[in-house]
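User: Got a model here that I'd like to walk through. Can you take my questions as they come?

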Amino acid sequence: MPTDLVKRTILFFAFVLIQAVILGRIHLFGVATPLLYVYFVTMFPRNYPKWAILLWSFLMGLLVDTSTNTPGLATASLTLIAVIQPYFVELFVPRDSVDNLEPSLATLDPLKYSYYVIALVLLYCLVFYSLEMFNFFNLIHWALCVGGSTVITLALIFTFEIAKNRK
């Protein structure tokens, strides 16, 4: 097995386990839930096969849905993010960079990386909570869920990125 596949498999199960056991049970102020597994999709390198990104994301969404009792929400939202991620990477990665550049604070300009991650996480939360509520009768609660979950998820992602760069 190639080392990249082993590393990605370990991260895959670690994110699913952390979400199922710890983060899926956190609901700050009744609205903000950390959705750290989105970070897994943001880490796919440039020119990674699109079919593989879709497969990894679909399987992760399926496992998260199964373990957190959110039938189809994470699967649909994460698969959508997987479709968009390769195009977002191209927007923020310099044209003359290596083909397998993995987006992170260390490899991209911090501002570009922030825009990249904020856009993907915000889009994920918009889709996830829109599907969960399936109506907009309580627009304020929906906006609080989207905003709160986006902020707490971004805080966790940037914490992991900063810790990863300190090594």
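Predicted model: local features only at pLDDT ≥ 70, side-chain atom pairs only at ≥ 80, totals over all residues.

User: Which residues of helix 6 are buried?
Analyst: The buried residues of helix 6 are Trp 142, Cys 145, Val 146, Ser 149, Thr 150, Ile 152, Thr 153, Leu 154, Ile 157, Phe 158 and Glu 161. Buried means under 20% relative accessible area, exposed over 50%, and partly exposed in between, with a 1.4 Å probe and protein chains only. Helices (H or I, at least four residues) and strands (E, at least two) are DSSP runs, numbered from the N terminus.

User: What do the buried residues of helix 6 pack against?
Analyst: They pack against helix 2 (38-42) and helix 5 (110-133). Contact means heavy atoms within 4.5 Å.

User: How does the span of helix 6 compare with what it should be?
Analyst: It agrees. Helix 6 covers residues 139-165, which is 27 residues, and at 1.5 Å a residue it should span 39 Å. Its end C-alpha atoms are 39 Å apart. The expected span is 1.5 Å times one less than the number of residues.

User: Cys 145 was on that list. What is it in contact with?
Analyst: Leaving aside neighbours within four places in sequence, Cys 145 is in contact with Val 31, Tyr 129 and Met 133. Cys 145 counts as buried because its relative accessibility is 4%.

User: Is Cys 125 buried or exposed?
Analyst: Buried, because its relative accessibility is 1%.

User: Switching to voids. How many cavities of 30 Å³ or more are there?
Analyst: The structure holds 1. About 50 Å³ of space lies in the largest cavity. On a 1 Å grid over the protein atoms alone, a cavity is a set of points where a 1.4 Å probe fits but cannot get out. A pocket is an open set with protein on both sides within 12 Å along at least five of seven lines, and lining residues have an atom within 4 Å of a point. Grid points are joined across faces, edges and corners, and a volume is the space filled by probe spheres set on the points.

User: What lines the largest cavity?
Analyst: Asp 4, Lys 7, Arg 8, Leu 11, Met 43 and Glu 102. They divide into 2 nonpolar, no polar and 4 charged. Ala, Val, Leu, Ile, Met, Phe, Trp, Tyr, Cys and Pro count as nonpolar, Asp, Glu, Lys and Arg as charged, and the others, Gly among them, as polar.

User: And the largest pocket, what volume does it have?
Analyst: About 300 Å³. Of the 20 residues that line the largest pocket, the closest to its centre are Gly 24, His 27, Thr 33, Thr 70 and Glu 132. Helix 1, helix 3, helix 5 and helix 6 are the elements that give two or more residues to that lining.

User: How does the lining of the largest pocket divide?
Analyst: Into 8 nonpolar, 10 polar and 2 charged.

User: What about Asn 47, what is its phi?
Analyst: About 65°, positive although Asn 47 is not a glycine. Asn 47 is found in the loop between helix 2 and helix 3 (50-68). At 52% relative accessibility, it counts as exposed.

User: Last one. What does Val 16 touch?
Analyst: Val 16, in helix 1, is in contact with Met 60, Leu 63 and Val 64, leaving aside neighbours within four places in sequence. Val 16 counts as buried at 9% relative accessibility.

How values were computed
Residues numbered from 1 in each chain as written. Heavy atoms only, no water.
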